[in-house]
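Hi,

Here is the structure I said I would pass on.

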Amino acid sequence: MLDTARLIFEWVGRPRQILELSYVSDGTIPIDVGFLVTAIGGGSASAVALNSVVTFVSINLQTGAVSLKTSVAELELGG
């Protein structure tokens with residue numbers, strides 16, 4: 001029971017944000033679906049906490065345009 005309470009506290013106690021990002025790639029895609037993005041930005045002073053998972057990646061092979069989205073799911077405990 002204590003482990004379940006700790007898990008819930010860790011999940012709920014973190015700020016989470018959704019990200020939608022589009023950019024032109026040089027041919028490499030450094031991120032995959034399922035990757036946990038914990039923060040985005042420069043140094044630690046300007047980094048923004050995301051704590052969300054990449055759920056969508058689209059690549060236009062002709063233009064090199066990449067679009068990606070992260071999402072935040074609710075914590076579900078089976079019972």
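**What I found**

The accessible surface of the protein comes to about 6,000 Å², and carbon and sulfur atoms account for 59% of that. Before you read on, bear in mind that this is a predicted model.

**Overall layout**

The protein has one helix and four strands, and along the sequence they come in the order α-β-β-β-β. There are 79 residues, of which 15% are buried. If you take the contacts with a separation of 6 or more, 48% of them are between residues 24 or more positions apart.

**How the strands pair**

Start with S1, which pairs with strand S4 (residues 65-71): the two run antiparallel and are joined by five bridges. Val-24 has Ala-65 in S4 opposite it. None of the five residues of S1 is buried, so this strand lies largely in the open.

S2 and S3 are also antiparallel, with four bridges joining them. Leu-36 has Val-53 in S3 as its bridge partner. Val-53 turns up again in the next pairing, where Ser-71 in S4 stands opposite it.

**Two spots in the S1–S2 loop**

Ser-25 is in the loop between strand S1 (20-24) and strand S2 (36-40). Is Ser-25 buried or exposed? Its relative accessible area is 16%, and the cut-off for buried is under 20%, so Ser-25 counts as buried. Apart from neighbours within four places in sequence, Ser-25 is in contact with Gly-64 and Val-66.

With a relative accessibility of 64%, Gly-27 is exposed.

**The core, and a look at Leu-50**

Which residues make up the largest nonpolar core? There are six: Leu-19, Ile-31, Val-37, Leu-50, Val-54 and Leu-68. Setting aside residues up to four places away in sequence, Leu-50 touches Pro-15, Arg-16, Gln-17, Leu-19, Val-37, Thr-38, Ala-39 and Ile-40. Two of these contacts, Leu-19 and Val-37, are also members of the core.

Ala-39, another of the residues touched by Leu-50, is found in strand S2. It is partly exposed, at 42% relative accessibility. Beyond its neighbours within four places in sequence, Ala-39 is in contact with Ala-47, Val-48, Ala-49 and Leu-50. Ala-39 and Gln-17 are 22 residues apart in sequence, and their C-alpha atoms are 9.7 Å apart.

**A backbone angle to check**

Asn-51 is found in strand S3 (residues 48-59). Its phi is near 50°, which is a positive value in a residue other than glycine. Asn-51 is also buried, with a relative accessible area of 12%.

**The helix**

How many salt bridges does the structure hold? The count is one, and it is formed by the side chains of Asp-3 and Arg-6, at 3.3 Å from N to O. Both residues lie in helix H1 (residues 2-12), three residues apart, or about one turn of the helix. Asp-3 is exposed at 56% relative accessibility, whereas Arg-6 is partly exposed at 47%.

There is a nonpolar patch on the surface too, formed by Ile-8, Trp-11 and Val-12, with about 260 Å² of accessible area together. Trp-11 lies in helix H1 and is partly exposed, with a relative accessible area of 31%.

That is everything from my side.

Cheers

Notes: Residues numbered from 1 in each chain as written. Predicted model: local features only at pLDDT ≥ 70, side-chain atom pairs only at ≥ 80, totals over all residues. Heavy atoms only, no water. Buried < 20%, exposed > 50% of the residue type's maximum accessible area, 1.4 Å probe, protein only. Contact = heavy atoms within 4.5 Å. Salt bridge = Lys/Arg side-chain N within 4 Å of Asp/Glu carboxyl O. Core = buried A, V, L, I, M, F, W, Y, C linked by side-chain atoms within 4.5 Å. Patch = residues over 30% accessible without salt bridge, like charges linked within 9 Å, V, L, I, M, F, W, Y side chains within 5 Å. Areas by Shrake-Rupley, 256 points an atom, 1.4 Å probe, with all protein chains shown as cover. Pairing = 2+ DSSP bridges.
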